[in-house]
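Good morning. Please bring up the sequence and the model, and I will walk through a few places in it.

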Amino acid sequence: MRAQAGQRFRWSGRRSGGGRRRAVTAAAAVAVGAMAVGAPASTAASAAPASTPHSVQRHLNQLVREDGVPAALASVQDRHGHTRTYTAGVGDVATGAKVPRDGQVRIGSNTKTFTAVVVLQLVAEGKVELDASVDTYLPGLLRGDGIDGRRITVRQLLQHTSGLPTYVDHLSDDIRFYEPGELLDLALKHKAHFAPGAKWEYNNTNYLVAGLLVQKVTGHTVAEQIDRRVVRRIGLRHTYFPAPGDATIRERHPKGYYQESAGTPLVDATEWDPSWAWAAGQMISTNSDLNRFFSALLSGRLLPKAQLDQMRTTVSATSPFPAGARYGLGLVSRPLSCGGVYWGHGGSMTGYETRGGVTGNGRAADVAVTTQPGRTTKEHMDSVVDAALCR
């Protein structure tokens, strides 16, 4: 099960391990029933051109009918800020309940962008330096085999070039609450993957340390800082960082499902504890709120130009991102079929997958499904985003 789950948890870096087998055995598995397809509805008085809704809805229908995801949701924002939302499938495979329009989902590694924004705000305030060592702010914290916080910079954390070992391969068997320090201890028991700055490797441990840095510098939790500095600042009404021990989703949401392998029963994983991802992937939001967040970020509402330029300075990224992707400081660029790029991140958390981003001309699109799919389905999700942005 470890190898299989490693494919499903890759956006947040989660590899579930054999312990998820025990959790799945204890959970009630549900078979997939007939999946009704929702109809699109506009959330704005002025709608996008007719061809776009048909295209996006068709792609969502295909995700349900051909890829087999229980539900698919999308939100598309045009350059004037008008938004359309879409659904397909069912929000609960046991009851056949409708998919809540623009329902809340676990957004996985999109959380990294929120964390990076807070760090870069601290840089703008003169409280953190990107090229200062982690030891400057967290003295003595990073020590181990090939690991020395005096040689790792804040920039390398945010860009995934630190070489720190991952903690996700070494989580305990049980689905339970984790303290951030406990997660870091798991990582530091292992050898560094490479010398700082030598290469790029996607790794949750980087953002675990970034979250600890935020807490040390500000004296407040990373959840409080994200809420004050980002969520409330730009009016994200459906976005939050769950409190310790809170495995629920507050508002209307489709259920999320775990599937050990193709053809096996779906297991309701909606309320599995997300604390293993913390500052790297714990947040909850909606497609529309994610569009608002990335739009506000790219338009300069969250960071001064100097820090936004640093965030958009990229290096070539490999797995789990598709060909052509480049990684900045918690921000990813991907090529569009119609030319140019879009900016976002994407995320995977137990039961949910999200993909999306914004273009330079103000268009935004985000898509979510209610399971962690394989590579082909992720590519199909990327196609939905591309279709929505290339219009």
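We start with Ala 280. At 0% relative accessibility, Ala 280 counts as buried, because buried means under 20%. Keep in mind that this is a predicted model. Ala 280 is part of helix H9, which covers residues 278-281. Now look for Thr 111. Between Ala 280 and Thr 111 there are 169 residues along the chain, yet their C-alpha atoms are separated by 5.7 Å.

Helix H9 also holds Trp 278. Its phi is near 40°, a positive value in a residue other than glycine. Is Trp 278 buried or exposed? With a relative accessibility of 8%, Trp 278 counts as buried.

Another positive phi turns up at His 160, near 65°, and this residue is not glycine either. His 160 sits in the loop between helix H5 (154-159) and helix H6 (180-188). His 160 has 0% relative accessibility, so it counts as buried.

While we are on the backbone, go to Pro 320. The peptide bond from Ser 319 to Pro 320 is cis, with omega near 15°. Pro 320 belongs to the loop between strand S11 (315-316) and strand S12 (326-327).

Next, the interior. In soluble globular proteins, nonpolar side chains tend to be buried together. In this model, the largest nonpolar core has 84 residues, and those with the most contacts inside it are Phe 114, Leu 142, Phe 293, Leu 297 and Met 311. Which helix gives the most to this core? That is H4, residues 110-124, with 8 residues. Apart from this core lies another, of 20 residues, including Val 56, Ala 88, Val 369 and Val 385.

Take Met 311 as an example from the largest core. Leaving aside residues up to four places away in sequence, Met 311 touches Thr 113, Ala 116, Val 117 and Leu 120, among others. Leu 297 and Leu 331 are also among the residues it touches.

Last, H4 and its partner H7, residues 204-218. Their axes come within 10 Å and cross at roughly 40°. On the H4 side, the contact includes Lys 112, Ala 116 and Leu 122; on the H7 side, Tyr 207, Gly 211 and Val 214 are among the residues. By class, this contact has 8 nonpolar, 4 polar and 1 charged residues.

Notes:
Residues are numbered from 1 along each chain as its sequence is written. This is a predicted model: local features need pLDDT of at least 70, side-chain atom pairs count only at pLDDT 80 or more; totals for chains, interfaces and linings use all residues. Side-chain values use heavy atoms; hydrogens and water are left out. A nonpolar core is a set of buried Ala, Val, Leu, Ile, Met, Phe, Trp, Tyr and Cys residues joined through side-chain atoms within 4.5 Å. Buried means under 20% relative accessible area, exposed over 50%, partly exposed in between (1.4 Å probe, protein chains only). Helices (H or I, at least four residues) and strands (E, at least two) are DSSP runs, numbered from the N terminus. Contact means heavy atoms within 4.5 Å. Axes are lines fitted to C-alpha atoms, for helices over the stretch in contact, and angles run from 0 to 180 degrees between N-to-C directions. Ala, Val, Leu, Ile, Met, Phe, Trp, Tyr, Cys and Pro count as nonpolar, Asp, Glu, Lys and Arg as charged, and the others, Gly among them, as polar.
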